[in-house]
Amino acid sequence: MRDFVNNMIVFFLKEFKSFFQNKMIYVLLPIYLVINFTTVIYFSDFLSVASSSMQQFFLLQPRIFLIFVPALTMRIWVEEYKNNTWEILLSQPISIAAAVIGKFLAVWAVTGIMLLSSTVLWGITAWFVGCDNVWVLTNYLMTFLIIGIMCAVSAWAGALCFNYVGAFLLSWAFLAILFAVNFDNLINKIMAVFVDNFNARVFSDFAEIAASLVSGEIKTAFIFYAIALIAAALWANVVAVEYKRSEK
Amino acid sequence: MLMVKNLSKSLENNKILDNINFELKDKQITALLGVNGAGKTTLMRCLAGVYEPDAGSVVFDNFSVKDNRKKYLQNIAYVPELGGLYLDMTVFEYLTFIAALNGGCDKKIFAQTVKALELESVIDKKCAALSKGYKKRTALAAALLKQPKLLILDEPTEGLDPKQKIALRKLLKKYAENNTILISTHIMEEVSALASHIILINKGQIICDAPESEIRKVVPDGNFELLFSNLDGDMQ
């Protein structure tokens, strides 16, 4: 277990540093901020209705990260295949899961930095018109959790590809499906195999999750759902890499 | 001792390795020879844990790559033909990264390895900026940091200048005094200079597994290149 955690940290640090070494973050961060400011100002009368502006901001975050998450995750596995470093990784006495989790956490941390940079908007809102800081903080945490799901799913999609464009497009497609899926129906269909008359009423789709969080209806079920989805995506990522090892 | 029994591997529905059997004795350098497409790299990848064999077993020091993967890989290091370096890392960062994945490395061994492979002058350079020779040496240094009992090298001297080749041969010979080395090469001069044992592979099957001295006796004028003359493959 100690080795597993150590290897996970090694991969996290290596991957996290690489976002700064290849200057990717310096390109994506300003674009993210410009998109945020323009959309929030465009969609709402920002300074006169500050709290609704923040509401608009949180509602838009999953959609904005729909572009940024694939851009961040597309390289984490493709680069290993492209530079032939996957051969080195697979010949080390490490668990593939440690590499997968370490890489996922690094991407999630980078999205966290991007999200953190947007707190300028929170500062402006609080300074000029005031806002419910607890509400804003809670929404930041929940948005970060939603982005975590997106990072895990996107990293898995990236592990299935051998080139950047393919990884970006497949990640985007997986996330688009994630947005479109009606989770209540999906859960009901799965559970119907085991339980009669099971009727989940958690969230209908990904956009509604964001909306219900913003409206203050934070459900504990969502946190469990998010953790379960992240774990499932990471497991699928491990399987994808392992499959390449046993490819026929 | 490395024992390979009934090893088979297919890629994209083509049988690349077909029922491979051999043993590598301790403290010797074995050369794996074969024309392009014979299955050398696939065999090395199976031995290094990169590929999972479809059938058969690979056991080193009583640890199987299938059942005791972690312990098996702790004793083995593999240097692929294309190096496998993280190009955005410096040589120092790369070596410490690989060392960290293997539970760290003694500072003395780190310094000795860097010195032995003459990497001091490029230690802070990005791997992307290195010449082919330095890239090869960096990859080899990373493999040697964990002091593996079995070192698997795919075309180790390709891209090195004559001086570097001599230095590397000397280093490998010294390393083989206490450990086992398997090298894949096309350079016959390499085989004569390094190997004490030869395994010849063709179309995924081993067709010759014997000491270098015995093969030398049967090959006219000791010319190992003649070994290839009757083999099929991309080279011909």
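1. pLDDT is the predictor's confidence in each residue, from 0 to 100, and this is a predicted model in which local features need pLDDT of at least 70, side-chain atom pairs count only at pLDDT 80 or more, and totals for chains, interfaces and linings use all residues. Residues are numbered from 1 along each chain as its sequence is written, while chains are lettered from A and ligands numbered from 1 in the order in which they are written.

2. Chain A has an average pLDDT of 82, with 78% of its residues scoring at least 70. Within chain A, helix 5 (residues 96-117) has the highest confidence, at a mean of 95, and helix 10 (residues 206-214) the lowest, at 63; helices (H or I, at least four residues) and strands (E, at least two) are DSSP runs, numbered from the N terminus.

3. Chain B splits into domain 1 (1-75 + 149-236) and domain 2 (85-147), with bounds from an automatic or database domain assignment. Their centres, taken over C-alpha atoms, are 24 Å apart.

4. In strand 8 (residues 180-184) of chain B, five of five residues are buried, that is, 20 or more other C-beta atoms lie within 10 Å of the residue's own, with C-beta atoms placed from the backbone. B:T180, B:L182 and B:S184 lie on one side and B:I181 and B:I183 on the other.

5. Strand 8 of chain B runs parallel to strand 3 (residues 29-33) of chain B, joined by four bridges, and pairs in the parallel sense with strand 7 (residues 150-154) of chain B over five bridges; pairing requires that DSSP finds at least two bridges between two strands. B:S184 is the bridge partner of B:L32 and also stands opposite B:D154.

Terms used. Buried ≥ 20, exposed ≤ 12 C-beta atoms within 10 Å, placed from the backbone.
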